[in-house]
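Let's take a walk through this one together. Keep the viewer open and follow along as we go.

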Amino acid sequence: MKKGTVFVCQNCGFRSPKWLGRCSQCGQWNTMVEELEEEFAGEVLESGGEPVLYQDIKETTNQRIPVGIDQFNNVLGGGLVLGSVVLIGGEPGIGKSTLLLQVSRDLASEDRPVLYVSGEESLEQIKLRGDRLGLSREKVYLLAETALEKILNAADRMKPRALVIDSVQTIFSSQLTSSPGTISQVREVTNRVFRLAKRNQIPVFLIGHITKEGSLAGPKSLEHMVDVVLLFEGERDHHHRVLRVLKNRFGPVSELAIFEMGQSGLKPIDNPSAFFLRERPKNEPGSVVISTIKGSRPLLVEIQALVSSTLFSGNPRRMSIGLDHYRVSMLLALVEKKVGYSFAGEDIYLNVAGGLEVDEPAADLGVVLSVISSIKNLPLPREMAVFGEVGLSGEIRSVSQPLARVKEARSLGFETVLMPAGNLPQLQGEDLKGIRCLGLDSVRRALAQVF
Ligand SMILES: Nc1ncnc2c1ncn2[C@@H]1O[C@H](COP(=O)(O)OP(=O)(O)OP(=O)(O)O)[C@@H](O)[C@H]1O
Ligand SMILES: [Mg+2]
Ligand SMILES: [Zn+2]
């Protein structure tokens with residue numbers, strides 16, 4: 001080992017004098033990277049360390065500015081808070097730069113420009129993207145730079161309406177000797193940017209790369225340092241993208257926005273349910289529409305099941321995409337035991353159409369019905385949506401937000417909802433004209449009702 005170096009876990013920041021295959025703090029493998037030992041200067045306190053009496057603290061309201069896209073505003077909790085630092089993580093190529101260039105375009109005004117700093121693309125490359133997004137005369141300044149001190153200087157001089165840094169892993173401070181992207185650098189950059197944001201009341205977007213297999217110099221380690229953490233996700237072969245909140249010091253963490261990636265950039269999807277159901281086959285065995293809650297909003301999605309005899313003798317296959325494997329296994333066992341089907345010798349495939357993930361128990365009833373619909377080769381009645389948790393005795397248990405789920409189904413033209421009987425009282429007195437709510441307490445009764 002060279003003198004003056006230390007091994008730092010790029011996932012959690014754990015420091016060790018010797019190399020470890022597995023971090024002893026967070027347990028991740030192969031995350032230890034050799035970095036030069038930094039002199040730790042310690043934090044300089046800016047306000048004298050004098051305690052202030054609670055009632056003497058002046059009131060400040062968190063001033064918010066709209067970012068242009070309504071759905072994005074919702075995700076932020078009602079707009080962008082001045083002086084806040086927002087970290088947006090996402091896998092390579094998902095559309096982070098696109099989203100933030102669009103936001104820059106919308107935020108820039110005549111007297112307050114936006115500063116977009118890129119440490120990974122040339123000005124020409126960004127302009128090419130901008131052309132695609134229809135940028136022209138907006139006051140968006142671009143800076144291709146990786147030196148933190150120069151970026152801070154530029155921002156200090158310009159006092160932009162917002163600052164975008166694309167990406168935090170490419171920027172480095174000359175005060176540290178470790179290379180860009182290492183956890184020390186990423187933290188230093190975030191820390192200094194954070195102070196700039198607070199000092200000048202400039203909102204800052206930090207883009208962070210994350211990879212599927214956990215992350216190198218993971219933005220994970222930055223989550224506690226910033227005000228808001230957003231995750232931009234999508235499936236490679238689908239055009240939609242989901243923006244979710246992981247942390248928000250100024251708003252709820254339940255919101256989410258759905259976008260469609262296209263030629264002219266990201267377009268917010270106003271009616272996600274209609275979007276996810278648009279290619280749904282009608283009267284197809286194995287297809288069931290469930291009313292699920294994503295973030296704080298209801299969403300209708302289609303669950304598809306395919307049950308077919310296992311070719312060759314061997315282990316039957318069980319595959320599910322977009323659903324929790326353990327939950328699916330549990331539900332299949334329950335159907336065998338309580339309803340009396342045998343899945344020995346059957347392959348079972350389950351899929352949430354559109355590449356979405358559904359991770360709430362309220363999807364249980366939909367999973368059960370789709371599997372049985374496929375076995376029987378019988379479709380569900382037309383225009384029926386379902387929701388409900390299924391317990392181990394085959395009982396249907398109530399779930400949260402029944403009213404929102406029913407209303408969403410009605411607004412998409414569904415005529416019947418199959419739902420937990422226990423949720424019916426919550427619908428009493430509500431105007432639910434145009435939709436029939438069938439409350440059921442067991443899977444057996446549900447099957448009798450449906451088939
Ligand atoms: N002409 C186009 N039409 C439709 N979609 C496009 C077009 N050009 C690019 N895209 C989409 O934009 C995505 C790349 O967007 P962007 O560069 O913003 O992603 P990123 O997350 O910043 O990627 P990186 O990790 O490389 O920084 C592509 O994966 C593709 O889906
Ligand atoms: Mg990018
Ligand atoms: Zn670690």
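Among contacts in the protein chain between residues at least 6 apart in sequence, what percentage join residues at least 24 apart? The share is 67%, where a contact means two C-beta atoms, placed from the backbone, within 7 Å.

Before going further, keep in mind that this is a predicted model, so to speak of local features takes pLDDT of at least 70 and side-chain atom pairs count only at pLDDT 80 or more, while totals for chains, interfaces and linings use all residues. Residues are numbered from 1 along each chain as its sequence is written, with chains lettered from A and ligands numbered from 1 in the order in which they are written.

The protein chain has a mean pLDDT (the predictor's confidence in each residue, from 0 to 100) of 90, and 94% of its residues reach 70 or more. Residues 40–45 are another story: pLDDT stays under 50 there, and the model gives them 0 contacts beyond four places in sequence.

Now the overall picture. The C-alpha trace spans about 70 × 55 × 55 Å along its principal axes. You'll find 10 helices and 23 strands; these are DSSP runs numbered from the N terminus, with helices being H or I of at least four residues and strands E of at least two. Of the 451 residues, 40% count as buried, that is, with 20 or more other C-beta atoms (placed from the backbone) within 10 Å of their own; 12 or fewer makes a residue exposed, and in between it is partly exposed.

Start with the open sheet of 3 strands, ordered β2-β1-β3 with antiparallel pairing. β2 (15–16) and β3 (32–36) each have a single partner strand, so they stand at the edges with one side lacking a neighbour in the sheet. Pairing takes at least two DSSP bridges, and β1 (residues 5–9) and β2 pair over 2. Look for valine 8 opposite arginine 15 in β2.

Next, ligand 1. Its shell holds 13 residues, the closest being Pro92, Gly93, Lys96, Ser97 and Thr98; a residue is near if its C-beta atom, placed from the backbone, lies within 6 Å. α2 (96–107) and β13 (256–262) each supply at least two, and α2 gives the most, with 3 residues.

Finally, helix α9 (residues 402–411) buries Pro402, Arg405, Val406, Glu408 and Ala409. They cover an arc of only 160° around the axis (taken from the directions from the helix axis to the C-beta atoms), which puts them on the same side of α9. Their packing partners include α6 (272–277) and β15 (287–294). After α9 comes glycine 413, with a positive phi near 90°.
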